[in-house]
Amino acid sequence: MKRGIQLFNFGKELGEDFRGTLRRISELGFDGVEFACRYGDIAPDDLAAFLKELHLECAGTMFTPDELLDKDNIAYEYARKLNSPAVTSSTPTASDFTAVWPEIAERCRKIGDIAAANGVAFSYHNHWGEFTLVDGVSAMDRILAANDENKVLVEPDVCWVTRGGGDPADYIRRYAHRIRQIHFKDMLDLNERYSTSPLGTGVIDLESCYRAALESDAEWYIYEQDACDDAFACAKKSLEFMKHLGETVRQGDGQ
């Protein structure tokens, strides 16, 4: 798997200098970046050329559901030009998933069809609310079961699966063939929404998630941290952990 970084981490920096921030990120050593609904007002062709100049791949492209429900939206051109593994959307965290999961499932079905017609894959990104049980079955499982596994993929966030009461390694294994990207996120306190921390410093069992990821069809595991005083310092520390994790697993498996 390739190591990616989610650009949500750099919201302030990208707002001030989009190209300059991407250039600084390229110097950290990640294989690619996942865009978070912001593309710097740069045309798809130009952004693809800029990533190539920086020796960065596209680890994913996130958009709002409304953008992806529009078959002619530029989102699909970005995905194609950047060679994105998928277009991705999510649902607001405050949603009552016991009530809205059928609506989300239908929205995913529509986006999955539109994305396929545009020649790209669609993946759904979870938060913690999707693991609310509905008659004993999580809303997330219900959403995925209601959709074609070839048209609606999933981008697991291992931190939010854990916070929602699920087992992220088990979740990755169950949906192994519906996964192209996985968010690796750590957290100091599952009860504190913004206690996300550099990888390897929190309570998430990232090694078991990584082992499960290696058994899946995931192409990317992507570092994300929702809150950080110094995004570049946190990214550097997290990349060091990702490299160490890979080496630890290889040595443990005798490779």
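Residues are numbered from 1 along each chain as its sequence is written, and side-chain values use heavy atoms, with hydrogens and water left out. Because the model is predicted, local features need a pLDDT of at least 70 and side-chain atom pairs count only at pLDDT 80 or more, whereas totals for chains, interfaces and linings use all residues.

The cysteines are considered to begin with. A disulfide is a covalent bond between the sulfur atoms of two cysteines; here the term is applied to a pair of cysteine sulfur atoms within 2.5 Å. One disulfide is present in the structure. It is formed by C228 and C234, whose sulfur atoms lie 1.9 Å apart. The torsion about the S-S bond of C228 and C234 is about 80 degrees, and the disulfide is therefore right-handed. The surroundings of the two partners were described by relative accessible area, with buried meaning under 20%, exposed over 50% and partly exposed in between (1.4 Å probe, protein chains only). C228 counts as partly exposed, because its relative accessibility is 32%, while C234, with a relative accessible area of 12%, is buried.

C58 is buried, its relative accessible area being 5%. C209 is likewise in no disulfide, since the nearest cysteine sulfur, in C159, is 9.8 Å away. C209 has a relative accessibility of 0% and so counts as buried.

The interior was then examined through its nonpolar core, defined as a set of buried Ala, Val, Leu, Ile, Met, Phe, Trp, Tyr and Cys residues joined through side-chain atoms within 4.5 Å. The largest nonpolar core holds 76 residues, and the members that touch the most other members are F10, V33, F35, L47, V87, F122 and F184. Contacts of individual residues were also listed, a contact being heavy atoms within 4.5 Å.

Helices (H or I, at least four residues) and strands (E, at least two) are DSSP runs, numbered from the N terminus, and two strands pair if DSSP finds at least two bridges between them. Strand β4 (residues 87–89) and strand β5 (residues 122–125) run parallel and are joined by three bridges. Strand β4 includes T88, which counts as buried at 0% relative accessibility. Apart from residues up to four places away in sequence, T88 touches T61, M62, F63, L68, S123, Y124, H125, E155 and Q181.

In one of them, K71 and D72 bring their closest N and O atoms to 3.2 Å. K71 counts as exposed at 53% relative accessibility, and D72 counts as exposed at 61%.

D226 takes part in salt bridges in another setting. The side chains of D226 and K185 meet at 3.2 Å, N to O. This pair links distant parts of the chain, 41 residues apart: D226 lies in the loop between β12 (220–223) and α11 (231–252), and K185 in the loop between β9 (181–184) and β10 (186–187). Both D226 and K185 are buried, the relative accessibility of D226 being 16%. D226 also forms a salt bridge with R193, with the closest N and O atoms 2.8 Å apart. R193 is found in the loop between β10 and β11 (196–197), 33 residues from D226. Together, D157, K185, R193, E224 and D226 are linked in a network of salt bridges.

Conventions: A salt bridge is a side-chain nitrogen of Lys or Arg within 4 Å of a carboxyl oxygen of Asp or Glu.
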